[in-house]
Amino acid sequence: MRYLHTMVRVHDLDASLKFYCDGLGLKQVRRMDSEAGRYSLIFLAAEHDLGGEPAPGRGAPHVELTYNWPDENGNVEDYGGGRNFGHLAYEVDDIYALCQHLMDMGVVINRPPRDGNMAFVRSPDNISIEFLQKGKPLPPQEPWASMPNVGEW
């Protein structure tokens, strides 16, 4: 058995791509648009997972963004909270730098990395995303050490 991907339904494809690609640094490795089915599937992978593969991205674990196109009246289906499946988790090189980058983009850090090891944010579609520091936790530092939790994570 091999892990393939996690599918996440998104309401706003542009906002989601900005979050996952510009914010988290994921790379688009494949896209499929279906006129007949009225949906788009965008497969993303972390750069570290893409290295050295004969067919780039094919063996890497993916996040599949599923965007169901608006109906003839421009309505988009409401998928609810998104917390029902748990969360996506990524190992990161510098948890403080990533959280600062996301804060600078206007992303709320729901569970700050007070311990230098773990943080949680939410995507534009309210999907919980966990970050875990690669290797040993970083030494606690401000403003993270005294920052409270915000909302759900």
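**A tour of the fold**

Read along the sequence, the protein chain goes β-α-β-β-α-β-β-α-β-β-β. That makes 3 helices and 8 strands; they are DSSP runs numbered from the N terminus, with helices (H or I) of at least four residues and strands (E) of at least two. This is a predicted model, where local features need pLDDT of at least 70 and side-chain atom pairs count only at pLDDT 80 or more, while totals for chains, interfaces and linings use all residues. Residues are numbered from 1 along each chain, and side-chain values use heavy atoms, leaving out hydrogens and water.

**Stop one: the sheet**

Select S5, S8, S7 and S6. These 4 strands form an open sheet in the order S5-S8-S7-S6, with mixed pairing. Two strands pair if DSSP finds at least two bridges between them. S5 and S6 (109-111) stand at the edges with a single partner strand each, so one side of each has no neighbour in the sheet.

Now zoom in on S5 and S8. They run parallel, joined by 6 bridges. Pick Ala89: its bridge partner in S8 is Glu130.

**Stop two: the core**

Which residues have the most contacts inside the largest nonpolar core? Select Tyr20, Leu24, Leu65, Ile129 and Phe131; the core has 31 residues. A nonpolar core is a set of buried (under 20% relative accessible area, 1.4 Å probe, protein chains only) Ala, Val, Leu, Ile, Met, Phe, Trp, Tyr and Cys residues joined through side-chain atoms within 4.5 Å. H3 (95-104) is among the contributing elements. The largest share, 5 residues, comes from H3.

**Last stop: Leu65**

Beyond its neighbours within four places in sequence, Leu65 is in contact (heavy atoms within 4.5 Å) with residues including Val8, Tyr20 and Ile42.

Definitions and conventions. Buried means under 20% relative accessible area, exposed over 50%, partly exposed in between (1.4 Å probe, protein chains only).
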